[in-house]
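The sequence and the coordinates are shown first.

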Amino acid sequence: MSCILNIETSTNVCSVAVSQEGVCLFKKEDHSGPNHAVALGVFVDEALSFVDSRAIPLDAVAVSCGPGSYTGLRIGVSMAKGICYGRGIRLIAVPTIELLAVPVLLNHELEEGTLLCPMLDARRMEVYAGVYDRALKEIRPVQADIVDGGTYKEYLDKGKVCFFGNGACKCIEAINHPNAILIKGIEPLAENMFPLAEKRMAEGRFEDVAYFVPFYLKDFVAKTPKKLL
């Protein structure tokens, strides 16, 4: 049975969880603000003590790989790499945007054909968002969007679209479409990483610990057409 340490630091929330075969065994969260440099080390130490005291072999570390806060992702990935090096275990990268969709899929009833649009806040009316179906198949890749009434119109005109994440609330009035659904209170959390992490582990989708870097928000800005900036 695989045991995974999950680390999420892409936003102001810092969280750590231990999962084994689809069950969350341990979790710690700090919602007080960008306090990762202080909180993450404490949470990871408690998580490792938890597995070691129960003689549970740790098989891999999963870390949220962005997009997200430059500082938060750097702290989380550095910690994940250190554990992988120290314990000789594998590294798994979980996209933050996909992670946001997990609690929506698990806890909300969605009509057939409903699309998911997870959003991470950027600045002003900008977000970083992707569009997925209910199987988390990518309909549109993650990119930087300046949100107005026409940004997601091609999808909304065809059916329901759920918007969620810390960028969704500020955008819902601008989207202004009868097929737009806002789901509040969705944050990327380590306790929701394990379905994606375990799937990647089963598929053998591991990262090179030496060379892996997260997908910072600045990477999206660099790839966004100048007319959108």
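Ser15 is located in strand E2 of this predicted model. Its relative accessibility is 1%; because the limit for a buried residue is under 20%, Ser15 counts as buried. The side chain of Ser15 comes to 2.8 Å from the backbone nitrogen of Ala190.

A second residue can be treated in the like manner. Leu116 belongs to strand E6, which covers residues 115-121. With a relative accessible area of 0%, Leu116 is buried. Between Leu116 and Leu105 the C-alpha to C-alpha distance is 9.2 Å, at a separation of eleven residues in sequence.

| Residue | Strand | Relative accessible area |
|---|---|---|
| Ser15 | E2 | 1% |
| Leu116 | E6 | 0% |

**Sheet**

How is strand E2 paired with strand E1? Strand E2, residues 14-20, and strand E1, residues 3-8, run in the antiparallel sense and share six bridges. Within this pairing, Asn6 has Ala17 of E2 as its bridge partner. In general, the strands of a sheet are paired by hydrogen bonds of the backbone, in a parallel or an antiparallel manner.

Both strands are part of an open sheet of five strands, whose order is E3-E2-E1-E4-E5 and whose pairing is mixed. At its edges are strand E3 (23-30) and strand E5 (90-94), each of which pairs on one side only.

**Helix H3**

Helix H3 spans residues 96-107 and is mostly covered, with nine of its twelve residues buried. The buried residues of H3 include Thr96, Ile97, Glu98, Leu99 and Leu100. Ala101, Val102, Pro103 and Val104 of H3 are buried as well.

**Largest pocket**

Empty space in a structure can be located by rolling a probe the size of a water molecule over the atoms. In this model, the largest pocket holds about 180 Å³ of space. Its lining consists of 13 residues, and those closest to the centre are Ser10, Thr11, Asn12, Leu120 and Asn166. What is the division of the lining of the largest pocket into nonpolar, polar and charged residues? Six residues of the lining are polar, five are nonpolar and two are charged.

Technical notes
Residues are numbered from 1 along each chain as its sequence is written. This is a predicted model: local features need pLDDT of at least 70, side-chain atom pairs count only at pLDDT 80 or more; totals for chains, interfaces and linings use all residues. Side-chain values use heavy atoms; hydrogens and water are left out. On a 1 Å grid over the protein atoms alone, a cavity is a set of points where a 1.4 Å probe fits but cannot get out, and a pocket is an open set with protein on both sides within 12 Å along at least five of seven lines; lining residues have an atom within 4 Å of a point. Grid points are joined across faces, edges and corners, and a volume is the space filled by probe spheres set on the points. Ala, Val, Leu, Ile, Met, Phe, Trp, Tyr, Cys and Pro count as nonpolar, Asp, Glu, Lys and Arg as charged, and the others, Gly among them, as polar. Two strands pair if DSSP finds at least two bridges between them. Helices (H or I, at least four residues) and strands (E, at least two) are DSSP runs, numbered from the N terminus. Buried means under 20% relative accessible area, exposed over 50%, partly exposed in between (1.4 Å probe, protein chains only). A polar contact is a pair of N or O atoms within 3.5 Å; within protein, one must be able to donate a hydrogen and the other to accept it, and residues adjacent in sequence count only if both atoms are side-chain atoms.
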